[in-house]
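Please walk through the model shown here, with attention to its pockets and its charged side chains.

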Amino acid sequence: SMRCRCNWKNHPEYMNYGGRGITICNEWDDFLQFHNWAMSVGYDENAEYMSCTLDRIDVDGNYEPSNCRFVNAKEQSRNKRNNLKFEYNGKLYTLPELAEISEKSRDLLYDRIVRQGWSLEKAITK
């Protein structure tokens with residue numbers, strides 16, 4: 001999928017990958033090198049579906065050893081370009097992370113912060 005998204009102009013997701021200039025390092029043209037890297041950083045071939053997915057740490061960066069890791073689907077969904085991020089107590093959080101911390105629903109926080117314009121502190125503590 002990584003190769004198709006980056007290299008095949010007819011792929012439905014090409015515009016979000018190859019079309020934005022996202023490339024795959026030359027080192028990974030050799031499958032054995034990719035496999036060896038993957039195994040060395042925690043790829044689990046016996047993992048349940050979507051519990052060990054390839055993720056780019058910097059979503060604007062390329063597929064290369066220093067910018068990739070294996071994470072579960074939940075973690076990967078929190079590392080997307082379209083995620084809203086908020087600074088809270090000196091740390092950057094996505095809306096779902098804030099929902100977990102505050103024990104409030106993501107939808108409620110979105111409504112308070114984005115639609116109603118509440119401060120982050122008020123949205124989390126009320």
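This is a predicted model: local features need pLDDT of at least 70, side-chain atom pairs count only at pLDDT 80 or more; totals for chains, interfaces and linings use all residues.

Residues are numbered from 1 along each chain as its sequence is written, and side-chain values use heavy atoms, with hydrogens and water left out.

The largest pocket holds about 430 Å³ of space. A pocket here is an open set of points on a 1 Å grid over the protein atoms alone where a 1.4 Å probe fits, with protein on both sides within 12 Å along at least five of seven lines; lining residues have an atom within 4 Å of a point. Its lining comprises 18 residues, and Tyr17, Arg56, Asn79, Lys80 and Arg81 lie nearest the centre. Strand S1 (53–56) and helix H3 (73–77) each supply at least two of the lining residues; helices (at least four residues, H or I) and strands (at least two, E) are DSSP runs.

The second largest pocket has a volume of about 270 Å³. Of its 13 lining residues, Phe34, Tyr43, Cys52, Leu54 and Phe70 lie nearest the centre. Helix H1 (2–7), helix H2 (31–40) and S1 each supply at least two residues, and the largest share, five residues, comes from H2.

Arginine 5 sits in helix H1. Arginine 5 is buried yet has no salt bridge, the nearest side chain of opposite charge being glutamate 13 at 6.7 Å. Buried means under 20% relative accessible area, exposed over 50%, and partly exposed in between (1.4 Å probe, protein chains only). A salt bridge requires a side-chain nitrogen of Lys or Arg within 4 Å of a carboxyl oxygen of Asp or Glu.

The whole structure contains seven salt bridges. One of them joins arginine 3 and aspartate 29, with the closest N and O atoms 3.5 Å apart. That pair links distant parts of the chain, since arginine 3 is in helix H1 and aspartate 29 in the loop between H1 and H2, 26 residues apart. Arginine 3 is partly exposed at 32% relative accessible area, whereas aspartate 29 is exposed at 54%.

Another salt bridge pairs aspartate 60 with arginine 20, the closest N and O atoms being 2.8 Å apart. Aspartate 60 lies in the loop between S1 and strand S2 (68–71) and arginine 20 in the loop between H1 and H2, so the pair ties together parts 40 residues apart in sequence.

Key
Grid points are joined across faces, edges and corners, and a volume is the space filled by probe spheres set on the points. Lys and Arg count as positive and Asp and Glu as negative; His and the chain ends are not counted.
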